[in-house]
Amino acid sequence: MTDNLRGILWMVLAMAAFAVADVTIKLLTQELPPGQILAVIGGCGAIIFALWAFLSGEKIIWPLLLHPMSILRTIGELIGTMAVIMALALAPLSIVSAILQANPLLVTIGAALFMGARVGPQRWFAIFIGLAGVVLVIQPWGAEFVPASLLAVVCAFGLALRDLATRAVPPGLSTKVLAAAALAVEVPAGLALLQFPFSGPAIWPDANQTLLLIVTVVVICVAYFAVTAAMRVGEVAVVTPFRYSRILFALALAVVIFDERLNAVMLIGAALTVASGLYTLWREKRAIAR
């Protein structure tokens with residue numbers, strides 16, 4: 001087995017795990033307040049990643065962790081996580097997952113506007129097509145429109161902010177330390193969210209809910225580990241396109257578990273978004289090769 005094949009398998013595993021985490025979070029939002037879910041996942045995840053970083057011999061360098069780009073990355077992660085939990089609580093899984101596929105396009109736009117990245121006319125056209133695909137997924141013109149799906153758009157922007165800030169984080173901070181810091185911030189954010197009427201007070205989870213919370217934390221940690229392993233083992237240009245396998249897992253789980261109906265317009269929009277993202281990655285690879 002080649003390194004690239006191992007990297008691809010790690011990436012596919014990561015995307016499957018993220019899709020499963022979306023399912024368990026959506027199930028949890030039917031019984032527990034979103035703020036409580038955010039606080040529990042953030043707290044448990046922060047502890048796990050902090051221990052992982054400690055056992056790996058990595059140190060928390062506070063001046064670097066308080067660097068503006070590190071703080072901006074944490075803010076982006078927090079916005080994305082809060083928005084996706086709310087979106088999963090109120091909107092169909094299939095729509096939320098399809099909209100999130102626009103994240104790489106938003107990262108490309110941000111890199112061009114704020115980081116001086118060169119984006120040619122062909123990539124701009126592909127980005128326009130991809131964003132048009134997002135509009136088709138949302139379908140704001142008819143009965144299929146779900147207002148809560150706009151929370152997934154907020155999530156995509158938040159994650160794009162996180163990814164852009166990550167590129168500018170000074171060297172010396174590992175992915176595990178950054179993840180632990182971002183997850184730790186979700187604890188007070190989740191507790192604050194509990195104070196709002198739409199979230200409701202915390203509920204002591206029963207055995208099934210506790211099991212779902214544990215599964216969610218474990219699956220998210222597996223996903224983080226797998227995506228890190230994928231990027232380290234395989235070539236980035238080869239492995240990255242397989243991020244889009246997440247939409248396949250998500251759509252299948254949405255149909256099987258939540259009995260969601262996938263209309264043709266939404267599927268066309270999702271296909272356009274994924275295709276434009278893959279084309280953008282391919283053009284970027286060619287530009288780097290030159």
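A: Ile60 is partly exposed, because its relative accessibility is 43% and that class lies between buried (under 20% relative accessible area) and exposed (over 50%), judged with a 1.4 Å probe and protein chains only. The model is predicted, so local features need pLDDT of at least 70 and side-chain atom pairs pLDDT 80 or more, whereas totals for chains, interfaces and linings use all residues. Residues are numbered from 1 along each chain as its sequence is written, and side-chain values use heavy atoms, leaving out hydrogens and water.

Ile60 sits in the loop between helix 2 (34-55) and helix 3 (62-65), where helices are DSSP runs of H or I with at least four residues, numbered from the N terminus. Together with Trp62, Leu66, Ile71, Ile75, Ile79 and Val154, Ile60 forms a nonpolar surface patch with about 640 Å² of accessible area. Such areas come from the Shrake-Rupley method with a 1.4 Å probe, and only the protein chains shown count as cover. Patch residues have over 30% relative accessible area and no salt bridge, and nonpolar side chains (Val, Leu, Ile, Met, Phe, Trp, Tyr) are joined within 5 Å, like charges within 9 Å; a salt bridge is a side-chain nitrogen of Lys or Arg within 4 Å of a carboxyl oxygen of Asp or Glu.

Helix 4 contributes the most to the patch, with three residues. Helix 4 (68-90) is also one of the elements against which the buried residues of helix 8 pack, contact being heavy atoms within 4.5 Å; among those buried residues are Cys155, Leu159 and Arg162.

Definitions and conventions: Helix = DSSP H or I, 4+ residues; strand = E, 2+ residues; numbered from the N terminus.
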